[in-house]
Amino acid sequence: METEIEIKFFFNAHFADELLEEISQHTVISHKNQMLYNVYFETPSRALRAMDMGLRVRRIDEQCTQTIKTSGRVIGGLHQRPEYNEPIDGLQPELARFKSKIWPENTNVKELQEQLEPLFSTDFRRLHWLLEMQDGTLIEVAYDCGKIVANQAESEICEIELELVKGDEAQLFILAKDIAALPQVRLGNVSKAQRGYMLTEGAHFEAKSIDLSDLTAGMTLQQALSVNFQHGLKYLQYNENCYLESGDFSALVELQKSIMFLHQNIHLFKEAGISFVGCSWVEDLQWLARSFSWIDERLVFRNLLENKSYYIRKLPKLKHLQKRIRIADQALPNEEDIFNLLHNTRYCNFILGLTEWLIQLEKTVQVNEEVISLVTFSEGVLTEGWSKLIKLLSADALLSTEQLLPNQGLLISNLMTELSLGNVFDFEKCTKYCYPWLDIYQGMMELSMLDAIYELAADEDEGEIQAEYFKWVKRKQDSLLSAIEQSKQRAVMNEMYWLEPEN
């Protein structure tokens, strides 16, 4: 068995000369130019996939090799996957050649063999370099250009893979940062096999909202920190892929939530005494948050215009109002701006920096016992955050827009804390506790929509039309504030589930 440790980038073939120039700056031990033909096999019931395995037969020249890859893991663009390789004759896999220990218990290998059928193929030209870095570290660089073919559908391959052959893992990241400086490059956390499965099934990336991090009460703070940052990074990159594949704006909304989740975890674990001094990726994360700060404004405009402007359909001069909203939206970043941001070297370096930090964190041995448990820590931050918000919102019986919206940031922080720590206690209780607060959050979002209409009305020349706009906004606000008040009453009456005694 071998374990691949590699960093993958998605690349633009137009900049191949820049890649070759970058490679030439390093000590090249060897260079190859090969055509690789690959066929991936599965059973009709997707039995291999159910076992988190992928089966590939690769032909290079006249030599064929079958490979089983297990799930491994992906952090950022770093892929770590155990794989098993066996030489075979021809393109038909022979499962009996693999050692029996690789299969899950009670696997009927013979039956599996009989059900195998080709699923998709990946054929690409690989330019391959073996580089010698400092301290004798050896890194393979592979530049792959070709296509994935499945069910008469095709998808292009243009990737750079850096694989550690021998030596210091840190050198892998040093080289990766050099590659990150190339034009239109971004880290890839989706393998060729994953893309092949999606192409076969006609599947597409769909925006996915971040859920509760998979913590358990018995974890140390350091383990919880690692799990949470990997969780946030996974959703960040997933929704990045989704947007670049589909152009779906909702993927950017979810990407921004992942950024907020990561930012909140820095705040949380600083409170626990964990230092982020020297972590350049923290500043990059703050830059990224600023770079996407316009998302909320565009979301307001999109909500006002959706379903043929159903929300504002009764307002006079509707077409004129729609035009003004579209003009305001057009002043925000366009598709090209977003594409450039997601292929920005600083964005790439942020993911690389966070990934390297997480890898090093896992290798760090805790010398001293922690003075506080994860449960105690979670109880403290949840109590402090929600108590502060409840106190602010309980000051008046019926809150105004001016009182509610300034507390939107604190509400979001508390909801991100729930996503970070809620599973330390009970998933269902956490979800139930958050329901009325999520209603309040949605109400705040609608208040922002009304604020946008109010600002547009303030610039209206016709006094009669302006008055009608203001009247409509006031009526909507009053109704909405009444609904928010009901949600607030339910929210503040909820028992803090994390303080409930265990049964």
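1. Basis. The model is predicted, so local features need pLDDT of at least 70, side-chain atom pairs count only at pLDDT 80 or more, and totals for chains, interfaces and linings use all residues. Residues are numbered from 1 along each chain as its sequence is written, and side-chain values use heavy atoms, with hydrogens and water left out.

2. The second largest pocket. The second largest pocket holds about 780 Å³ of space. A pocket here is an open set of points on a 1 Å grid over the protein atoms alone, where a 1.4 Å probe fits, with protein on both sides within 12 Å along at least five of seven lines; lining residues have an atom within 4 Å of a point. The volume is the space filled by probe spheres set on the points, which are joined across faces, edges and corners. The lining has 27 residues, and Ser 155, Glu 156, Arg 186, Arg 195 and Glu 245 are the closest to the pocket's centre.

3. Who lines the pocket. Two or more lining residues come from each of β9 (153-166), α5 (192-201) and α6 (221-246). The most, five residues, come from β9. Helices (H or I, at least four residues) and strands (E, at least two) are DSSP runs, numbered from the N terminus. By class the lining has 13 nonpolar, nine polar and five charged residues. Ala, Val, Leu, Ile, Met, Phe, Trp, Tyr, Cys and Pro count as nonpolar, Asp, Glu, Lys and Arg as charged, and the others, Gly among them, as polar.

4. Helices α7 and α15. The axes of α7 (residues 249-271) and α15 (residues 408-421) come within 9 Å and cross at roughly 80°. Axes are lines fitted to C-alpha atoms, for helices over the stretch in contact, and angles run from 0 to 180 degrees between N-to-C directions. The two helices are therefore roughly perpendicular (65 to 115 degrees; under 35 is roughly parallel, over 145 roughly antiparallel, the rest oblique). Among the residues that make the contact are Met 260 and Phe 261 of α7 and Ile 412 and Met 416 of α15. By class this contact has seven nonpolar, five polar and one charged residues.

5. Gln 264. Helix α7 includes Gln 264, which counts as buried at 8% relative accessibility (buried is under 20% relative accessible area, exposed over 50%, partly exposed in between, with a 1.4 Å probe and protein chains only). Beyond its neighbours within four places in sequence, Gln 264 is in contact with Ser 413, Met 416 and Thr 417 (heavy atoms within 4.5 Å).

6. Helices α4 and α12. The axes of α4 (residues 169-180) and α12 (residues 345-363) come within 9 Å and cross at roughly 170°. That makes α4 roughly antiparallel to α12. Residues that meet include Phe 173 and Lys 177 in α4 and Leu 352 and Glu 356 in α12. The contact divides into seven nonpolar, three polar and four charged residues.

7. Positive phi. Most residues other than glycine have a negative phi. Asn 106 has a phi near 70°; its place is in the loop between β6 (78-88) and α3 (109-115), and at 75% relative accessibility Asn 106 counts as exposed. Ser 309 has a positive phi of about 60° and is placed in helix α9 (residues 295-309). With a relative accessible area of 1%, Ser 309 is buried.
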